[in-house]
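Subject: Handing over a structure

Dear colleague,

I am passing the structure below on to you, and my notes on it follow. Please read them with the sequence and the model open side by side.

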Amino acid sequence: MDFFYTDNELKLLKAKDEKMALLISQCGKITREVEQDPFVALVTSIIGQQVSNKAALTIFTKLKGIMFDQQVRPEYIILLSLEEIKACGMSMKKAENIFLLAKAFIEKKLIPEKWHIMQDKEIIQELIQLKGIGQWSAEMFLIFCLQRKNILSYGDFGIKKGLCLLYGLENISKKDFLYYQEKFSPFGSLASFYLWELANGKIFINSNG
């Protein structure tokens, strides 16, 4: 499933800034895949830290392979030993964090069903209490699982790089970042898609024009 947003929302974002409008026009509509299962999304977030996407996929595939019916679910994870989880190709620390995550779901310390009525900051505060989930990971979860539309992460190198490229800056201060965060609101996540595209060299734009 792809992140859902409307043409009108994109039009409203374009109206906020000329350079962003130009970037959007050059890129066209961007599709980004989301993981709808909150537990799976958080597990893959933990697995993916400090490893390549290819390595993370290999580890997750191995983890799926030892699950009942190949479904990564909290009730199946807690039946495994830490050594069994680690043997899928991850560190013991990651294995422990995944086990504790499963336990938090089982014990209802995390209740995904209530997240739809919670504010972004409230969900982030809840998630960062978990071992292995920091501010950036929580923000990416809001985008790529819950499809929250106003996340522009200060902790994301690609977004900062994209802003510098778009506006011809050598670097970006926290004050300037907050300015753009407010400027793109309430469509920060959509702006993020285009800034990542620019940072990854998939599109080029004349920042001095």
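The protein has 12 helices and zero strands, where helices (H or I, at least four residues) and strands (E, at least two) are DSSP runs numbered from the N terminus. The radius of gyration, taken over C-alpha atoms, is 19 Å, close to the 17 Å that the globule rule gives for 209 residues, so the protein is as compact as a globular protein of that length; the rule itself is 2.2 Å times the number of residues to the power 0.38.

Before going further, please keep in mind that this is a predicted model, in which local features need pLDDT of at least 70 and side-chain atom pairs count only at pLDDT 80 or more, while totals for chains, interfaces and linings use all residues. Residues are numbered from 1 along each chain as its sequence is written, and side-chain values use heavy atoms, with hydrogens and water left out.

Taken along the principal axes, the box filled by the C-alpha atoms is roughly 60 × 35 × 30 Å. Of the 209 residues, 44% are buried, where buried means under 20% relative accessible area, exposed means over 50%, and partly exposed lies in between (1.4 Å probe, protein chains only). Among the contacts (heavy atoms within 4.5 Å) with a separation of 6 or more, 66% are between residues 24 or more positions apart.

Helix α9 (residues 135-144) deserves a look, because seven of its 10 residues are buried, so it is largely enclosed by the rest of the structure. The buried residues of α9 are Ser137, Ala138, Glu139, Met140, Phe141, Leu142 and Ile143, and what covers them includes α3 (38-48), α8 (120-127) and α12 (188-199).

Tyr5, in the segment before α1 (7-14), counts as buried at 3% relative accessibility. Leaving out residues up to four places away in sequence, Tyr5 touches Leu10, Lys29, Ile30, Lys149, Leu190, Phe193 and Tyr194; the C-alpha atoms of Tyr5 and Lys29, which are 24 residues apart along the chain, are separated by 9.7 Å. Met92, which is found in helix α7 (residues 92-106), is partly exposed at 24% relative accessibility. Apart from its neighbours within four places in sequence, Met92 is in contact with Leu82, Glu83 and Lys86.

On the cysteines, the count comes to zero disulfides, a disulfide being a pair of cysteine sulfur atoms within 2.5 Å. The sulfur of Cys27 is 17 Å from the closest cysteine sulfur, in Cys164, which is too far for a bond. Cys27 is partly exposed, with a relative accessible area of 23%, whereas Cys145 counts as buried at 7%.

Finally, some details of the backbone are worth checking on screen. A cis peptide bond, with omega about 5 degrees, joins Ser185 and Pro186, and Pro186 lies in the loop between α11 (174-184) and α12. Lys108 has a positive phi of about 60 degrees although it is not a glycine; this residue is in the loop between α7 and α8 and counts as exposed at 54% relative accessibility. Gln147 likewise has a positive phi of about 60 degrees without being a glycine, but Gln147 is placed in the loop between α9 and α10 (157-167) and is buried, with a relative accessible area of 17%.

With best wishes
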